[in-house]
Amino acid sequence: MTTLHAGLAFINDTELNIVTLEDPVEASIPGVNHAQINVIGGVTFASGLRSILRQDPDVVFVGEMRDEEVSQIAIKAALTGHLVLSTLHTNSAADSMIRLVDLGIRPYLLANALVMIIAQRLVRRVCDGCAEDYAPSDDELRSARLERADCAGARFRRGKGCPACQESGFRGRLAVYEVLRVTHDIRELIRKSATVDEVISCAQGHGSLPLYDAGLAAARAGETTLGEVTKRLGDAG
């Protein structure tokens, strides 16, 4: 959600009519019209989205595409020239496509509506106040599905623990991203109801870095640890 609000703030312009539908409204951005869900008052994601679209917005942010009705309205809005931003709960960017199909979106409509999918997770950041370089053990490498040769050029770090991080070795969090641009080839795969593995393979061929690999890159740079990547991103690898 923080990433989406940052994106809204980035594109915010007096020439754009930006409307959000959230439950709850988590950040107030000057110049953006925020709408709060109120089920008791009759304002649901579906009814609110219909009302918003009557105002001819340029950008619509739907807090979550949680059911078939909301998803159908959002996809139709995207197909009629609106920029629609929303969230889904899935393990990877490619899984989002399957999730939307499961919600009743026809593949050919989905292929035409999608522009980009970003998957993200948060991992703990190594505390700079007590960080030390170290060589991962064989068990750590095995758990991370790495070979010793994969460590060439890497700088692995871990925190020893200090008052600044309350002896935890970590201070703050780091966002790990997987960005999947919906290219022409991926659109064709969606239309053909391709498997997640086929979509992932095509995306990687176009330079997309899987979520787990992005986490490993952060560990190799010393920003987090292999153990943290395995724990937080293991199901995305």
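Strand E5 supplies the largest share of the lining of the largest pocket, namely 7 residues. Good morning. The structure under discussion today is a predicted model.

The largest pocket holds about 1400 Å³ of space. Its lining consists of 44 residues, and the closest to the centre are Leu4, Ser86, Thr87, Met116 and Ile118. Two or more lining residues come from each of helix H1 (2-11), helix H3 (68-79), strand E4 (83-86), helix H4 (93-102), helix H5 (107-113) and E5.

Is Arg121 buried or exposed? Its relative accessible area is 18%, and buried means under 20%, so Arg121 counts as buried. The side chain of Arg121 reaches the backbone oxygen of Arg232 at 2.6 Å. Leaving aside residues up to four places away in sequence, Arg121 touches several others, among them Asn91, Leu174, Val176, Leu211 and Asp235.

Leu211 brings us to helix H9, where it is one of the buried residues. Why is H9 described as largely enclosed by the rest of the structure? The reason is that 7 of the 10 residues of this helix, which spans residues 211-220, are buried. These are Leu211, Tyr212, Ala214, Gly215, Leu216, Ala218 and Ala219. Their cover includes strand E5 (116-126), helix H6 (138-143), strand E8 (170-181) and helix H10 (226-233). Just after H9 comes Gly222, with a positive phi of about 80 degrees.

Which of the residues in H8 are buried? They are Val196, Val199, Cys202 and Ala203. These residues cover an arc of only 130 degrees around the axis, and therefore lie on the same side of H8. The face turned away from that buried side carries the exposed residues Asp197 and Gly205. Among the elements covering the buried residues of H8 are H4, E8 and helix H7 (184-191). After H8 comes Gly207, whose phi is positive, near 95 degrees.

Between helix H8 (196-205) and H9 there is a loop, and Ser208 is found in it. Ser208 counts as buried because its relative accessibility is 13%. Apart from residues up to four places away in sequence, Ser208 touches Glu178, Val179, Leu180 and Ala203. A polar atom of the Ser208 side chain lies 2.9 Å from the backbone oxygen of Val179.

Arg145, in the loop between H6 and strand E7 (157-159), has a phi near 60 degrees, a positive value in a residue other than glycine. With a relative accessible area of 49%, Arg145 is partly exposed. Arg145 and Ser208 are 63 residues apart in sequence and 20 Å apart in space, C-alpha to C-alpha. Ser193 lies in the loop between H7 and H8, and its phi is also positive, near 55 degrees. Ser193 is exposed, with a relative accessible area of 52%. Where is Pro24 found? It is in the loop between strand E1 (18-22) and strand E2 (33-36). A cis peptide bond joins Asp23 to Pro24, with omega at about 0 degrees.

Thank you for your attention.

How values were computed:
Residues are numbered from 1 along each chain as its sequence is written. This is a predicted model: local features need pLDDT of at least 70, side-chain atom pairs count only at pLDDT 80 or more; totals for chains, interfaces and linings use all residues. Side-chain values use heavy atoms; hydrogens and water are left out. Buried means under 20% relative accessible area, exposed over 50%, partly exposed in between (1.4 Å probe, protein chains only). Helices (H or I, at least four residues) and strands (E, at least two) are DSSP runs, numbered from the N terminus. Contact means heavy atoms within 4.5 Å. On a 1 Å grid over the protein atoms alone, a cavity is a set of points where a 1.4 Å probe fits but cannot get out, and a pocket is an open set with protein on both sides within 12 Å along at least five of seven lines; lining residues have an atom within 4 Å of a point. Grid points are joined across faces, edges and corners, and a volume is the space filled by probe spheres set on the points. A polar contact is a pair of N or O atoms within 3.5 Å; within protein, one must be able to donate a hydrogen and the other to accept it, and residues adjacent in sequence count only if both atoms are side-chain atoms. The arc is that of the directions from the helix axis to the C-beta atoms.
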